[in-house]
Amino acid sequence: MAAEQIKIVKDGLWNNNVALVQVLGLCPLLAVTGSFVNGLGLGLATMMTLILSNTCVSVIRHWTRPEVRIPIFVLIIASIVTTIELAMNAWFHELYMVLGIFIPLIVTNCSIIARAESFASRNPVFDSALDGFMMGLGFLLVLITLGSLREIIGQGTLFANTHLMFGESARALELRFSTDYPGFLLAILPPGAFIGLGLLIAVKNSLDRRSQQKQSARIISAQPANA
Amino acid sequence: MNRHRRILTTAILLMLFAATGAGLVGLTYDNTADIIKHNHQLVLLRKLNTLVPPEKYDNDLLNDTIEVAGDDLLGKKNPSTVYRARKNNQPVAVVLAPTATGGYNGSIDLLVGIYADGTLAGVRVVEHHETPGLGDVVEAERSDWITKFTGKSLRDPADKRWKVKRDGGDFDQFTGATITPRAVVKAVHAALLYFAKHREALFASNKPAATKEPDKGANHGS
């Protein structure tokens with residue numbers, strides 16, 4: 001049981017990461033990662049949706065019919081996203097003013113329906129919620145990494161505008177690396193998003209390969225000793 | 001027969017989920033609509049107050065309004081609302097809501113506050129669809145560019161300097177974002193021209209809320 005949950009955690013964060021391995025949800029991913037705070041905003045909203053939609057789908061998994069399960073998942077996800085949007089607009093208006101444009105974008109994130117279909121519809125509620133949380137967290141981490149990279153290279157700042165999310169006290173968080181940075185437009189424009197994501201995937205793959213080589217080297221070096 | 005029953009139960013199942021989902025959204029909407037509207041009013045008032053500081057007027061700004069017809073200078077075909085600030089029934093300022101049409105991606109809705117003497121109280125972007133990270137520098141939250149308009153008027157700078165620097169004017173543009181600032185500068189200039197043309201009508205066409213003969217618009221809140 002515990003081993004299964006450890007696998008869920010590892011899958012979500014690394015082995016089966018939504019953005020780096022499944023390469024899902026590219027539309028919102030590439031669109032908003034111009035800065036750290038945008039990445040964080042969309043990441044949190046997506047994580048929230050993933051947890052809720054996975055939980056709901058898992059709860060009703062015995063009542064659906066295979067031929068209509070996809071429309072039902074779509075209905076659930078759309079209702080959840082709309083409800084979150086309305087609730088945030090009403091009760092967290094300041095935050096909504098910042099994240100407002102990202103929230104409808106979540107519906108376009110196919111990783112949510114992918115998790116509903118491939119995991120939550122076949123697994124118990126707790127595991128599904130955990131899977132939603134971990135997949136969301138993995139997505140969030142990629143978003144803020146890419147957002148930070150593009151912000152540093154593109155604008156020469158990091159954590160700019162975080163006060164939009166955390167209030168005025170966060171204004172001091174902004175790091176400015178050079179007072180006279182001309183900016184590197186490519187990083188902020190869509191091509192920068194594609195290049196950045198490509199590099200992140202390459203780094204992950206090379207790390208994976210290195211650890212694989214180490215493992216097989218260990219096996220090979222262990223064999224002669226046995227013989 | 002069995003097959004038909006299966007189709008029917010599946011359809012009913014789907015219908016139940018659709019009804020539940022729609023019900024959930026409807027219920028949330030019902031519970032939040034008033035709060036959301038209230039939030040929007042508060043945000044609007046706060047925005048108006050950043051243009052015309054509350055200590056400069058004593059009337060009910062949100063309700064002392066007139067509708068003005070669409071005009072090319074406002075970038076609008078439809079009527080828009082003008083908010084009027086007064087102190088002791090003397091005109092202090094108006095806040096126009098022009099639209100900048102030359103943006104990179106659709107129209108940019110502005111609020112332009114103009115004091116009675118024709119100087120700008122301030123400009124704010126209300127809504128836009130410019131590229132995040134580039135065109136959104138016209139938002140006051142992201143840079144102080146938009147505050148540079150404060151204190152300017154039709155005489156300062158002169159007409160032909162009402163452009164971005166790249167076009168030989170007085171206003172900064174941004175790396176990678178010239179179009180958005182250009183559109184905003186043009187719209188603010190047009191709003192000033194509109195004010196100069198219609199100044200009397202903007203202030204005078206209906207009585208302020210305090211007088212004994214309340215007109216339409218003035219008595220919304222009472």
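Contact here puts the C-beta atoms, placed from the backbone, within 7 Å.

Some ground rules. This is a predicted model, where local features need pLDDT of at least 70, side-chain atom pairs count only at pLDDT 80 or more, and totals for chains, interfaces and linings use all residues. Residues are numbered from 1 along each chain as its sequence is written, while chains are lettered from A and ligands numbered from 1 in the order in which they are written.

Chain B has two helices and six strands. Helices are DSSP runs of H or I, at least four residues; strands are runs of E, at least two; both are numbered from the N terminus. The order along the sequence is α-β-β-β-β-β-β-α. Of its 222 residues, 32% are buried, with 20 or more other C-beta atoms within 10 Å of their own.

Now the interface. Chain B brings 21 residues into contact with 25 of chain A. That side of chain B has eleven nonpolar, eight polar and two charged residues. Nonpolar covers Ala, Val, Leu, Ile, Met, Phe, Trp, Tyr, Cys and Pro; charged is Asp, Glu, Lys and Arg; the others, Gly among them, are polar.

Last, a helix pair in chain A. Which residues of α3(A) meet α7(A)? They are Thr49(A), Leu50(A), Ser53(A), Asn54(A), Val57(A) and Ser58(A). Their partners in α7(A) include Arg115(A) and Phe119(A). By class, this contact has six nonpolar, four polar and one charged residue.

Notes: Two residues are in contact if their C-beta atoms, placed from the backbone, lie within 7 Å. A residue is buried if 20 or more other C-beta atoms lie within 10 Å of its own, exposed if 12 or fewer, and partly exposed in between; C-beta atoms are placed from the backbone.
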